[in-house]
Every structure is written in structure tokens, then in C-alpha cells.
Amino acid sequence: MGKVYVFDHPLIQHKLTIIRDKNTGTKAFRELTDEVATLMMFEITRELPLEEVEVETPVATAKSKVLAGKKLGVIPILRAGLGMVDGIVKLVPAAKIGHVGLYRDPDTLKPVEYYVKLPSDIEERELIVTDPMLATGGSAIAAIDSLKTRGAKQISLMCLIAAPEGVEAVKEAHPDINIYVAGLDEKLNEKGYIIPGLGDAGDRLFGTK
């Protein structure tokens with residue numbers, strides 16, 4: 001059964017506050033999103049398995065720890081999910097990166113898949129799906145569906161902020177998924193925007209409107 005993790009680390013909370021501020025410009029927004037993703041990944045990888053090896057230091061032989069061959073993959077949901085990738089890869093440069101592109105159908109308001117490009121061995125990797133905002137949960141659910149139909153077995157979801165409605169929707173659709181967020185917000189408004197939120201993450205990351 002998956003769990004929901006809300007990170008209360010002071011650095012994460014401090015940087016998230018600046019990200020939320022409407023006066024924070026594109027450059028700072030992008031840099032802070034990158035930094036928060038790095039800090040979140042540091043926490044997420046706390047449970048990675050280790051194995052003992054021997055290394056020769058300049059002084060003696062030492063028994064020390066290395067990662068036990070765990071393969072990771074990062075799957076941003078286009079386009080806003082791209083803003084979290086570099087921050088993750090700084091910590092795990094061997095991770096492979098895939099992409100899932102979704103858009104919302106204007107009539108049905110349901111997510112429609114338009115692009116998927118994944119590592120060839122996703123069934124062997126622990127995948128982290130990134131999207132700064134978990135609002136209704138529709139895009140996250142569709143992206144996870146897409147990964148599972150292609151053989152993925154270990155998937156987590158990583159977001160800057162989430163609405164309770166989106167968290168519950170993902171938990172219901174995919175109860176095996178761990179959800180990692182920096183902030184769990186109050187609610188969705190009648191238009192499906194997260195309150196208090198941070199605006200449109202994609203527009204703020206890429207300077208578009």
C-alpha cells in the first residue's frame with residue numbers, strides 16, 4: 001500500500017514559500033523548483049538499499065557502503081514536470097529519463113496522451129513521475145496508467161504541491177503508489193485550481209502565459 005509523504009524540512013518549506021510568491025520571476029522560480037526537487041530527492045532516496053564493499057583509501061583498506069544496484073528512472077509529465085528533472089539528476093546522474101506528454105481535451109476535460117518515450121528497461125527500474133502540481137489527479141493517473149501498461153512495476157509520484165482531492169484520486173486509482181509532496185494545500189476551487197497554490201507551474205517555469 002502506497003503512502004503520502006509531506007516534507008517538512010525547513011529548507012524545502014522556505015524555498016516553497018518563495019516559489020508560491022507571485023512576485024518571484026521566471027529565473028528564480030526555475031532555480032528554486034530545481035533546488036526543491038534536489039532536496040526532495042535526497043529525502044526520497046533515504047531508503048535505497050546499500051551493500052558493503054572494500055576500498056583502498058590513501059591510508060588503509062576500508063569497508064564502506066555503496067548503492068546496491070538500484071536502477072532509477074525519472075519520468076516528467078510534459079511540460080511542467082521537466083522543471084524538476086535536473087534537480088533530481090544532480091543526485092542520481094545514472095538515472096534514465098523518459099517523457100509522458102498529456103493534454104486536456106477541451107470538451108471532455110480528460111487527459112489525452114500525445115507522446116511517450118521511455119527507457120527500454122522500465123520494468124526493472126524504480127520510476128519517479130514528476131509534476132509540480134497535483135490538482136485533480138487526472139494527468140498523474142493517466143501518466144501512471146501509461147507506465148503500467150508498458151510494464152512498469154515500481155512507480156512513485158513527486159510533486160511540489162498537491163490538493164487533497166488529487167491525492168485521494170491518485171490513491172484510489174493507484175493504491176500502490178507513494179506520493180511525495182512539499183506542500184499539501186487546502187482545496188481545489190471551482191475551476192480546478194489549487195488553493196492557495198502557486199499559479200500555473202508551466203507558465204512560471206517557461207515564462208509563457
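Me: Is Y114 buried, partly exposed or exposed in this predicted model?
Reply: This is a predicted model. The relative accessibility of Y114 is 47%. Buried needs under 20%, and exposed needs over 50%. Y114 therefore counts as partly exposed.

Me: Y103 and Y114 form an aromatic pair, but is the pair stacked, edge-to-face or tilted?
Reply: The two ring centres of Y103 and Y114 lie 6.2 Å apart. The angle between their planes is 40°. Stacked needs under 30 degrees and edge-to-face needs over 60. The pair is tilted.

Me: How many residues apart in sequence are the parts that Y103 and Y114 tie together?
Reply: Y103 lies in strand β6, residues 99–104. Y114 lies in strand β7, residues 111–117. The pair therefore ties together parts whose separation in sequence is 11 residues.

Me: Is Y103 buried, partly exposed or exposed?
Reply: Y103 has a relative accessible area of 41%. Values between 20% and 50% fall in the middle class. So Y103 is partly exposed.

Me: How many aromatic pairs does the structure hold?
Reply: A pair of aromatic rings is described by the distance of the centres and the angle of the planes. To pair, ring centres must lie within 6.5 Å. The number of aromatic pairs in the structure is 3.

Me: What is the angle between the planes of F7 and Y180?
Reply: F7 and Y180 form an aromatic pair, 5.9 Å centre to centre. The pair is stacked, a class for planes under 30 degrees apart. The angle is 10°.

Me: How many residues apart in sequence are the parts that F7 and Y180 tie together?
Reply: F7 lies in the loop between β1 (4–6) and α1 (10–20). Y180 lies in strand β11, residues 178–184. The pair therefore ties together parts with a sequence separation of 173 residues.

Me: Is F7 buried or exposed, and what about Y180?
Reply: F7 has a relative accessible area of 10%. Y180 has a relative accessible area of 10%. Buried means under 20%. So F7 is buried, and Y180 is buried.

Me: Which residue joins F7 and Y180 in a cluster?
Reply: F7 and Y180 form an aromatic pair. Ring pairs link F7 and Y180 into a cluster with Y5.

Me: In which loop does T136 lie?
Reply: UniProt, in an unreviewed entry, places the feature "binding site" at residues including T136. The lining of the largest pocket includes T136. T136 is partly exposed, with a relative accessible area of 38%. Its loop is the one between β9 and α4 (138–149).

Me: Which residue has a backbone nitrogen that the side chain of T136 reaches at 3.3 Å?
Reply: Leaving aside neighbours within four places in sequence, T136 is in contact with R104, E165, G166, A169 and L188. Its side chain also reaches a backbone nitrogen at 3.3 Å. That nitrogen belongs to G138.

Me: The side chain of D200 reaches the backbone nitrogen of which residue?
Reply: D200 is found in the loop between β13 (194–195) and α6 (201–206). D200 is partly exposed, with a relative accessible area of 42%. Its side chain reaches a backbone nitrogen at 3.0 Å. The residue is G202.

Me: Is A201 buried or exposed?
Reply: A201 lies in helix α6. Not counting residues up to four places away in sequence, A201 touches F29, A80, P132 and M133. Its relative accessible area is 3%, so A201 is buried.

Me: In which strand is M133 found?
Reply: Leaving aside neighbours within four places in sequence, M133 is in contact with residues including I161, I194 and A201. The strand that holds M133 covers residues 133–134. It is strand β9.

Me: At what distance does a polar contact join the side chains of S146 and E113?
Reply: S146 is found in helix α4. S146 is buried, with a relative accessible area of 3%. Leaving aside neighbours within four places in sequence, S146 is in contact with E113 and V116. The polar contact between the side chains of S146 and E113 is 2.9 Å.

Methods:
Residues are numbered from 1 along each chain as its sequence is written. This is a predicted model: local features need pLDDT of at least 70, side-chain atom pairs count only at pLDDT 80 or more; totals for chains, interfaces and linings use all residues. Side-chain values use heavy atoms; hydrogens and water are left out. Rings of Phe, Tyr and Trp (its six-membered ring) pair if their centres lie within 6.5 Å; planes under 30 degrees apart count as stacked, over 60 as edge-to-face and the rest as tilted. Helices (H or I, at least four residues) and strands (E, at least two) are DSSP runs, numbered from the N terminus. Buried means under 20% relative accessible area, exposed over 50%, partly exposed in between (1.4 Å probe, protein chains only). UniProt positions are given in the numbering used here, feature names are shortened, and annotations may be inferred rather than shown by experiment. On a 1 Å grid over the protein atoms alone, a cavity is a set of points where a 1.4 Å probe fits but cannot get out, and a pocket is an open set with protein on both sides within 12 Å along at least five of seven lines; lining residues have an atom within 4 Å of a point. Contact means heavy atoms within 4.5 Å. A polar contact is a pair of N or O atoms within 3.5 Å; within protein, one must be able to donate a hydrogen and the other to accept it, and residues adjacent in sequence count only if both atoms are side-chain atoms.
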